[in-house]
Amino acid sequence: MSMWLVIAPLLLMLVSGLFIMLVDAFAKERAELALVTSVAIAVAGAISLGVLVQGGAPADMPEVLTRYLASDPFAHFFDVAICAGASLSVLLAGGYLREHGLERGEFYVLVLFSCFGAMILARAIDLLSLFVGLETMSLGVYAMIAFRRTSARAVEGAMKYFLLGSFAAAILLFGSALLYAGTGHTDFVGIGEMIASGDAENRLVLVGMLMVVVGLAFKVSAVPFHMWTPDAYEGAVTPATTFMSVSVKAAAFAVFVRVCMVALGDESVMTASGWPTAIAGLAVLTMVYGNVAAIVQKSIKRMLAYSSIAHAGYVMVGLVAAAEIGAPAISAVLFYLLAYTVSNALAFGSLVVMGSRGKEAVHYDDLRGVGRRHPMAALPFVIGVLSLMGFPPTAGFFGKYYVFNAAVQAGDVWLAIVGVLASAVGAYYYLRVIVVMFMQEPEEDQVLAVPMKSGYVATALAASGAAVMALGMMPGWFLDVAIEAARQLLG
Amino acid sequence: MFPVYLPVLILLIVASAVALGMFTATSLAGPKKPTPEKMLPYESGSNTTGASHLRMSVKFYLTAILFVVFDIEAVFLYPWASLFRELGWFGFVEMLLFLTILGVTLVYAWKKGALEWEK
């Protein structure tokens, strides 16, 4: 396999980002930037999928590439999830931004560069490329949250995320410095080997590890580092929220898994530092708090924000199990993130389609009776929330099944029980969406939400809906690919 | 449970205790003789004029950001220039790529009117 094919997705992101910048600056009339962008991202994802299916790493990669970035099936698998999420978000943006009079080319440029950062992050095998990837990804997202710049809410969310994110990045960087001080290496494999051989300065390594885990837990919005999430998700334009909740989260989990399993995967550091125990604690807090807080929300966007926090908790259950049983649990995490990506994109896409200009659906009440008035617009929402809830035969069901199954196999039965109970609590607020849409009638003087008509949004909904059903009907194929990726990650 | 973290905890406690102790001690034990002049906000010795929460025009930030970008470029170019022969074609192409990306962003900023002070 050619080296160029392996790095083509990254190059494509970069070149199309620069290209769209120029088009945006010079184009006189409205260009179909959303179409170009989403196709570019989808092609990048398709190339990665092809490389993933074909398997086998190219032998002739130059050292300048292999030193900082991996090109293993693990990275390509995450490319697929990141690109799927980003491409769907861009399609949603194509409809949403135009409908709400926010159409500006910057959005697509930001998504492309942020997606580039996310893909770097999924490939990072060195603390340096980790940090550069993380910041490249985050800077685009900060700007995307404040995209509706006249809205005080959007600016508030962006400022919160920016300040807290900078703080978390500083903690991560300090942790990286301590890891380097303790081991003399910045690459994950080198750090892992030094720890395994017992030559590392243990105290420095442990404190460094703690800070790195805090920095990453912030990015995946694990409780208690989640404070920014509801405000940022609510303030951002919905397509930006979609991108943050799927692609950014997937990339952050990619590097989380890599750091934990490759750099800190040694038995000695696990038992001494207890990162599996620490992450199990975070997972329990995240699952319970995310689900309980989602129940009391009135705004659907905020509910979905808390729901995405809860989902980060389920993924962390898989990470804890990976510490014990390795590859099977990692493959469950991979599958879960892919399933979550398409399900969440579907749910947010349904929220986008529910509102036309000035008549956006924000609260549960706005959805009253929509199911009877506009059944075709309500159907994707039903599939989306059922999949997020984990209802068979959707993607979400198998995601949850594999993750909790991995936890049971690893001997963390209590963790699986907490997870199942938490997701049972979650069923309440997911089903409430369906109940409101189909079994309630709007009040007399209520402003009715009118679904928007947009080919972009319809395409996004059809694509994500099909992906949700495909992952739910035949999960085996994707799971096999995920298992292979997980095996090669552990070497 | 994990005694290795005990030193960190102790350091945390000592650091907070020292910081808190210093602030408490100065506010309790320090002499306080406030005069009207002392209570004024300090502004390099001259009298304060206008409100302190002044809104700066966003134009300053744009200029500052552009300055930083090209400053970084200069920082990157110097070591590259001194190692030019050793880096060979690889270094040349690498720098060319970097400058191209920077060039595109400059064109973008220019077209979008970021370089015009009065619009």
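Helices (H or I, at least four residues) and strands (E, at least two) are DSSP runs numbered from the N terminus. This is a predicted model, in which local features need pLDDT of at least 70 and side-chain atom pairs count only at pLDDT 80 or more, while totals for chains, interfaces and linings use all residues. Residues are numbered from 1 along each chain as its sequence is written, and chains are lettered from A and ligands numbered from 1 in the order in which they are written.

**View 1. The loop between α9 and α10 of chain A, with Ser221(A) and Pro224(A)**. Ser221(A) is found in the loop that joins α9 and α10 of chain A, and its phi is positive, at about 55°, although the residue is not a glycine. Ser221(A) counts as buried because 28 C-beta neighbours lie inside 10 Å; a residue is buried if 20 or more other C-beta atoms lie within 10 Å of its own, exposed if 12 or fewer, and partly exposed in between, with C-beta atoms placed from the backbone. Most residues other than glycine have a negative phi, and most peptide bonds are trans.

**View 2. The cis peptide bond from Pro392(A) to Pro393(A)**. Omega is near 0° for this bond, and Pro393(A) is placed in the loop between α17 (375-389) and α18 (395-409) of chain A.

**View 3. Arg148(A) in the loop between α6 and α7 of chain A**. The loop runs between α6 (127-145) and α7 (152-183), and Arg148(A) counts as partly exposed because it has 18 C-beta neighbours inside 10 Å. Leaving aside its neighbours within four places in sequence, Arg148(A) is in contact with Leu102(A), Ala154(A) and Val237(A), where contact requires that the C-beta atoms of two residues, placed from the backbone, lie within 7 Å. His100(A) is 48 residues from Arg148(A) in sequence, with 9.9 Å between their C-alpha atoms.

**View 4. The packing of α4 against α21 in chain A**. Helix α4 (residues 73-99) and helix α21 (residues 475-490) pack at an angle of about 135°, with their axes 7 Å apart; axes are lines fitted to C-alpha atoms, for helices over the stretch in contact, and angles run from 0 to 180 degrees between N-to-C directions. The two helices are therefore oblique to each other, since angles under 35 degrees count as roughly parallel, over 145 as roughly antiparallel, 65 to 115 as roughly perpendicular and the rest as oblique. From α4(A), Pro73(A), Phe74(A) and Phe77(A) meet a set of α21(A) residues that includes Val481(A), Ala485(A) and Leu489(A).

**View 5. The largest nonpolar core and Val255(A)**. This core has 199 residues, and those with the most contacts inside it include Leu121(A), Val255(A) and Tyr336(A); a nonpolar core is a set of buried Ala, Val, Leu, Ile, Met, Phe, Trp, Tyr and Cys residues joined through C-beta atoms within 7 Å. Helix α15 (residues 327-353) of chain A supplies the largest share of the core, 19 residues. Apart from neighbours within four places in sequence, Val255(A) is in contact with Leu121(A), Ala122(A), Ala124(A), Leu130(A) and Leu216(A).

**View 6. The contact between chain A and chain B**. Twelve residues of chain A are in contact with twelve residues of chain B. On the chain A side, α1 (3-26), α9 (202-219) and α12 (267-273) each supply at least two residues, and α1(A) gives the most, with five residues.
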